[in-house]
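Please take some time to look through the structure shown here before reading on.

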Amino acid sequence: MQVKGRDKRVHMPSKPRMIVTRGLPGALMERIATQFDAWVNPEDRTLSAEELQRAVAAHRPEVMLVMAMDRIDAACIAALPDAVQVLATLSVGHDHIDLAAARDRGIAVIHTPDILSDAVSEIAILLMLCAARRAQEGERMIYDRTWAGWSPTQLLGRDVTGARLGVLGMGRIGRTIARRAAAAFDMPVHYHNRSRLAPEIEAGAQYHPTAEGLLAESDFLVLAAPSTPATRGFLNAERLALLPPGAIVVNIARGDLVDDDALIAALRSGHVAAAGLDVFNGEPEIHPGYRDLPNVFLQPHQGSSTIGTRVRMGQMLLESVATHLAGGTLPNRLV
Ligand code: DGY
């Protein structure tokens, strides 16, 4: 990958200094302690912008290991000490980092593509199934002790098998979801992407040159596109109206792809039968309208949260950081 801007790699005589904005699984913490002179946020919460700046000023790290919830915007990057050489984010998404500002300061940004596609696709399938089969309502009946016994008309959901799957964003995660849905549930796959995939990657999926064309064919719509200026607010009232009546919406990408008021209105009217959401605008707050709806299945941003995946993500970053500091090039470097 071509990297513009100043390259700040310098010889470091001792262990590189690192700050880690959240505690990580044990295997990663052990490796970090061995390889880095690390400060780790002792609290299990996101640091405020001021706390992050204070930690950086106090520890003057060469490496910052950050999370998708940390706002690494232009102001944050401008205030970083010159010592910082690498921003490593434990996420594939990088909408929380101002890449241009990092490039201008000669700070490398690395992320974790590929290795979380399986875990995220599992959550997408979970959300599809739970939304379609009314899992929230079923679970409530059990826990509220309101279940009066089996009934032929109880909680009738919609068939997943054979329904059309529409994927917005056929990157690595979108393609993994499509492959699983087609193999497990015989779902014909439709997709919209910035550009059409090569036939061997497309694997029989039908390309729609416009997102609107995709929506009209999506019994299940899965949002798997990154958050960018082009995708923010994508699923608004006009586009929701293009979905077939009774469609199901799943979001494993970022909350800001969805206009919450519009989706909640569509869920209330029944035009959208159900939604499965793992990501939200303004996390961890969520639009209060979702909490009142029976036809949603909500998860707290769990896409990559398996122990194996999180450890692999961390290992990838630690290996990449070592390679970068040793002067190597990286396939997972963004700038
Ligand atoms: C990602 O990798 O972007 C996830 O959303 C954070 O776990």
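Helices (H or I, at least four residues) and strands (E, at least two) are DSSP runs, numbered from the N terminus, and contact means heavy atoms within 4.5 Å. The model is a predicted one, in which local features need pLDDT of at least 70 and side-chain atom pairs count only at pLDDT 80 or more, while totals for chains, interfaces and linings use all residues. Residues are numbered from 1 along each chain as its sequence is written, and side-chain values use heavy atoms, with hydrogens and water left out.

We can begin with helix H13. Several residues of H13 are buried, among them Val-311, Gly-314, Leu-317, Leu-318 and Val-321, where buried means under 20% relative accessible area, exposed means over 50%, and partly exposed lies in between (1.4 Å probe, protein chains only). The cover over the buried residues of H13 includes strand S1 (17-20), H1, strand S3 (63-66), strand S4 (86-89), strand S5 (108-110) and H5. Just after H13, Gly-327 takes a positive phi of about 95°.

Leu-318 lies in helix H13 (residues 307-325), and Leu-318 is buried, with a relative accessible area of 1%. If its neighbours within four places in sequence are left aside, Leu-318 is in contact with Met-18, Leu-28, Arg-31, Ile-32, Phe-36 and Leu-65. Phe-36 is 282 residues away from Leu-318 along the chain, and the C-alpha atoms of the two are separated by 9.8 Å.

How do helices H1 and H13 cross? The axes of helix H1 (residues 26-35) and H13 come within 9 Å and cross at roughly 20°, where axes are lines fitted to C-alpha atoms, for helices over the stretch in contact, and angles run from 0 to 180 degrees between N-to-C directions. H1 and H13 are therefore roughly parallel to each other, since angles under 35 degrees count as roughly parallel, over 145 as roughly antiparallel, 65 to 115 as roughly perpendicular and the rest as oblique. The contact is made by Ala-27, Leu-28, Arg-31 and Ile-32 of H1, together with residues of H13 that include Val-311, Gly-314 and Leu-318.

Helix H7 can be read in a similar way. The 14 residues of helix H7 (residues 172-185) should span 20 Å at 1.5 Å a residue, and the end C-alpha atoms of H7 are 20 Å apart, which agrees. The buried residues of H7 are Ile-173, Gly-174, Thr-176, Ile-177, Ala-178, Ala-181 and Phe-185, and what covers them includes helix H5 (117-132), strand S6 (165-168), strand S7 (189-192) and strand S9 (220-223). Gly-174 is buried, with a relative accessible area of 1%, and, leaving aside its neighbours within four places in sequence, Gly-174 is in contact with Val-167, Gly-169 and Ala-224.

The last pair to consider is H5 and H7, whose axes come within 9 Å and cross at roughly 50°. That makes H5 oblique to H7. Residues of H5 including Val-120, Ala-124 and Met-128 meet residues of H7 including Ile-173, Ile-177 and Ala-181. Just after H7, Asp-186 takes a positive phi of about 50°.

How values were computed. Expected span 1.5 Å × (residues − 1).
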